[in-house]
Amino acid sequence: MGLRLDVQKRTEDYPKWLPAATSVGAVLLAFVFSGLILLSVGADPIRIYSFFWTASFGSWGAVSDVIVKATPLLLIGLACAFAFKMKLWNIGAEGQFYMGAFFASMVILLPMVDLEATPKVLVLGLMMLMGMLGGALYGFIPGILRAKYNINEVITTLMLNYIAVFWNNYWIFGKYSDAGFQMTKMFPKIAWLPRLSDFAKQYKGFSGITLHLGVIFGLIAAVIVWLILYKSRWGYKITLIGDNPKAAKYAGLNITRNIVLVFMFSGALAGLAGMAEVSGVVHRLQERISTNYGFSGVIIAWLAKLNPFAVILVSVLFGALIVAGREIQPSGVSFLIQGIILFLVISSDVLLKYTIRVVRTDKNGEIVQAKSAAVEEAE
Amino acid sequence: MTLQETTNEALAVEMKDITLRFPGVLANDHVNFTLRKGEIHALLGENGAGKSTLMNVLMGLYKPNSGTIIVNGKHVSFGSPKDAIASGIGMVHQHFMLVPNQTVTENILIGLDEPKFVLNIKKYDQKVRELAEQFGIQIDPTAQIWQLSVGEQQRVEILKILYHGAQILIMDEPTAVLAPQEAAELIETLRGMARQGKSVIFISHKLNEVCAVADRLTILRKGRATAEGISVEGITREALASLMVGREVIFNLQKKDQAPGEVVLELQEVSAVNNKNLPALRKVNLCLKEGEILGIAGVAGNGQSELVEVITGLRECTGHILLEGKEIANKSPQASISAGLAHIPEDRIGVGTAPNLSLTKNVIMKSYDHAPISNAWRVNYTAAGVHAEELKNQYKIQAPSIETQARKLSGGNLQKLILARELSSKPRLIVAMQPTRGLDVGAIEAVLDLLLEERSKGSAILLVSEDLEELLSLSDRVAVMYEGEIVGVMDQKEADINTIGLMMIGSLRGDPACPPAETRTQPTDLNEQGAE
Amino acid sequence: MNFTVIFHAGIATGTILLIAAIGEIFTERSGVQNLGIEGMMLLGAMAGFKIAYTTGNAWVGLLAAILAGGILSLLHGLVTISFQADQTVSGLSLTFLGTGIALVLGEGLTGLTTATIPNFTVPLLSKIPYLGQILFTDHNLLTYFGYLLIPIAWLFIFKTKPGLHLRAVGEKPDAADTLGVSVYRLRYLYTFIGGCFAGLAGASISIAISPGWYSHLTTSGQGWIAVALVIFAQWNPTRAALGGYLFGMLRRLLLDLQGPAMLLGMKNPFFYDRNLVFFLQMAPYLLTIIALVWGSSAARRKRLGAPAALGEPYIRGERGL
């Protein structure tokens, strides 16, 4: 007599709630595992987690901070989800984010328009366009290398991340440095995205609330990405190529062109995030505007199962993780939790392919009866 | 379990009461199988009947849920093919199990205990060479597998199991890839081995063949044995057929005589290279008229795939390919599709469908970009659903719903799905590659009926198949390919298997493929009206 | 600028890439792609440093690093080989996880000094004119280990029976399976070996070749460069070694370019405009991309390629069987 796991390939469709359930389960389990690791280094996980909570949701100001952090994550999460839908592993949202920030900043730094005479709407509009252009152009490089020469985009996008940081540093330190500091001069107000604290005169409660218009960009982008992926011809093509490129080619689709286009669109979303960050948060081009947003975006997209609306929710969670993580020791904790989450999410996908049950066995190892019909976590 | 319990000296293999369950399928249902020493025992059954599965159990690849196996009088329980090989059993799988970029010798040495660590390849090349000579097999041990023809690869497989010291040889559909003459040669070789005391299990679904080869036979149907070790003496084809599929199988194909119409497809001097950059098509000329089925015969790997690919726009070539007078060579697949081409690919899962997408998304693969499925930028999934539902009913595709993922369909239903999609576009030309391979009898009949129906509607059909019988019964004309050339074209009425077989192995050449040049249409790149 | 110094330093730092890349070659040859080298290296670097520091024995640290990398890689094995998850995503999460664990456990190690693997000058060989100075003088023991690793790895892969099985499993797993070679076991084994090498590569930074713990800057993307190197090397250890050494030398050259005021008789722009140095810092990453483009087009010309089953989970019974 004994117990063992009986693993069977699913022949039926899995229940509709299962993917969401595995994501939630993965997050919860990740906190448990991280807690164990924290315990092992002598930290108090309960205290750290409750600090997490108050630091991120304890006050309106904190919530606003979380959403401000979630904004670039939302756009980058969408960028990743979009590319992943076609199985293009764009790990370079980080670099595209920096390039978007750089291109948008150039509107002000060069300047491209007369900042005294141009209306604010036009300046901001131009910054958005330039931001998306910067990201798209930077997405074009790995896209064309993958499409034409079949070069692994994971490596190219990662290398381009490093390159983008040094490129920005050159301009920040070398050309536009504010008295030798690692930042440019502050942009004039005309280049600032409106934020709630701007309306503090009318509504007292908004004083000190830094939430800016960028979050609206993110929400609109989520709707657009959803429309493209689930309703449009292009989305159909992306889905088809993602599932079976050979079938797509056989059906007459131009795969090369779509790889490049999807990479550029993904890059444009990340570039817009860069623009929103310089124009809505830091109001200047500076070093370290991203704290590994590109990597978090990968995890967000995966945890959201590539669903644009789920990306909104997940990016808020990750925003909280980052806000709280800034003040937490040891500093790698949020990285650790993110890594564990991603691992658990991809592991839990096995539950979508197989049913796993605990079964009772007799002495010959034959199954006697199912002990529990419920699906157990595989870990 | 009522078989004799004592072990029998004359038996090489005794499998009793074997049951093997896969998720959702009972692959082997209490099957008994015995193999005598020195006999050729045919294992007959249609595709999916459980023949290969039973043999994979014997090879130790699957563990049966119940049943016992006795090899040479000893109870065995193989945990791995290694154990089976050590007991003197060797299997030549239907799809060759050879590593393409390793040499013949390297392939033979995989899995053996000897050599232990250092690989002195020269020494083993010599051993392989000696063994090949002993059995009269011609092969260069230092050649890489990808350089060899299909027939040569099969020889490597046989050599491999002989080198492993096999006394029991399992041949899984060994003649499927061979020309008739090569098949006869192979059967002679197997006979010779049986005379030397080796036992052979010969898996097949071809009725004629097993009668010619085997001493005894076992028939499987849907995982169950319907005949266990009966003698082939005096048994009729019809009796075999009904044991195999449970009903009369001699197809009643409704093929009407009809005069072919206008030329639909014309290939002029088409040449192309394969993936390894070696010539695969050499100046192919072909023409195909409406209401006509042109069968392409040939041993696998003689340019048939490349021929299909150049016509469907998936491969570059030189020369001209005219579809209804329009040049489609070196255009995109899209160009061929919009010129009226339907393509039933060989690889149903790898090329023909997107396995993880729904039935609906699979049937709109070629119609998603025009009305009524699409309006402007959108895909109208409601309309697509209606279309899918219609096709599902019309073509009798058995699936829980139109939202079911394609990969959950059986082979026959998957093929119906592809046919539904391709034929619903009202094509002028249908290119079908191995459209019945791996299907069970019911599905084969449905597929062939559909093709004949399209023929009577006036479509031109290019049918590539390795099943000569099927090819001859369906085609109006048959063209034979050898090393990238069309070596002969003949009318179905004049064609006979022997002549085609000789052409397939390059020993005979026949008539040119197309009528003389002056009756042909001209390319219309410059002159659009020319063809109609 | 002194070219002897550049060559010498290039050999030393190239060793790090070489070890990681050869480990990954083993893994990928078996059909498993592990993009998590960066994470395993960082974990190895931390584990090596921490254990060497606490025990005072660098060799124990080295062993800990090897095990740390190996154990982490088994997670990748579990997820991709047993659960058949996507290898790219699993490799990425391995990077996050390795980095996260390394940063948490490596808290407070920055700035400490520890026992290290010693340097060594080979008698006689170091007397060879010029080459002796570059190859055999005052190198870390791990650098010499690197020299030995190249022929050993090559011979193992191409001239031994286990190597034959390794290649078979990565090229056509079903063929190997039908001959009783366990695809799962070998893939786990070589994933583990690749992880061990990555851990060793990490420790070869932190307690051998350029000792110290600088949190995530310790590896600064070298794990990714090692992955690129594998492709550039077309899965051949000898080419990986050459690429690694060359890369090490280039990095040192780029560093040394910043020093002198005069360069080839001209004013050195990097000396006079410090900000141009950012472009020098970019160069290794740019070179990696260029090497990839060049390497993969060369592979196409010679019809060499990745192991045919690379990235594909093996499921018995899926194809043909």
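Author: Happy to. Strands here are DSSP runs of E with at least two residues, helices are runs of H or I with at least four residues, and both are numbered from the N terminus. Two strands count as paired if DSSP finds at least two bridges between them. Within this pair, Glu266(B) stands opposite Leu322(B) of strand 14.

Before going on, a word on what you are looking at. This is a predicted model, in which local features need pLDDT of at least 70 and side-chain atom pairs count only at pLDDT 80 or more, while totals for chains, interfaces and linings use all residues. Residues are numbered from 1 along each chain as its sequence is written, and chains are lettered from A and ligands numbered from 1 in the order in which they are written.

Now the whole sheet. The two strands belong to an open sheet of four strands in chain B, with the order 12-11-14-15 and antiparallel pairing. Strand 12 (279-289) and strand 15 (326-327) of chain B are at the edges; each has a single partner strand, so one side of each has no neighbour in the sheet. Helix 9 (residues 304-311) of chain B packs on this sheet and touches strand 11, strand 12 and strand 14, its direction making about 60° with that of strand 12. For such angles, axes are lines fitted to C-alpha atoms, for helices over the stretch in contact, and the angles run from 0 to 180 degrees between N-to-C directions. Being in contact means that the C-beta atoms of two residues, placed from the backbone, lie within 7 Å.

Chain B holds another open sheet of four strands with antiparallel pairing, in the order 2-1-4-5. Its edges are strand 2 (25-36) and strand 5 (74-76) of chain B, each with a single partner strand, so one side of each is left without a neighbour in the sheet. On average, neighbouring strands of this sheet are turned by 25° against each other, direction ignored. Three bridges join strand 4 (residues 66-71) and strand 5 of chain B in the antiparallel sense, and there Ile69(B) has Val76(B) in strand 5 as its bridge partner.

Strand 6 (residues 89-92) runs parallel to strand 7 and is joined to it by four bridges; the partner of Gly90(B) is Leu169(B) in strand 7. Five bridges join strand 7 to strand 8 (residues 199-204), again parallel, and Ile170(B) stands opposite Ile201(B) of strand 8. Strand 7, helix 6 (residues 180-195) and strand 8 of chain B make a right-handed β-α-β unit: with the strands pointing away from the viewer, the path from the first strand over the helix to the second runs clockwise.

Strand 7 (residues 168-172) of chain B is mostly covered, with five of its five residues buried. Buried means 20 or more other C-beta atoms within 10 Å of a residue's own, exposed means 12 or fewer, and partly exposed is in between, with C-beta atoms placed from the backbone. Ile168(B), Ile170(B) and Asp172(B) point one way from the strand, and Leu169(B) and Met171(B) the other way.

Stepping back, chain B comes to 17 helices and 22 strands. Of its 532 residues, 49% count as buried. Its C-alpha trace spans about 80 × 50 × 50 Å along the principal axes. Among contacts in chain B with a separation of 6 or more, 66% are between residues 24 or more positions apart.

Finally, chain B meets a neighbour: 25 of its residues are in contact with 20 residues of chain C. Helix 2 (81-86) and helix 3 (104-109) of chain B each supply at least two residues of the side that touches chain C. The largest share of that side, three residues, comes from helix 2 of chain B. The residues of this side divide into 13 nonpolar, eight polar and four charged. In that count, Ala, Val, Leu, Ile, Met, Phe, Trp, Tyr, Cys and Pro are nonpolar, Asp, Glu, Lys and Arg are charged, and the others, Gly among them, are polar.
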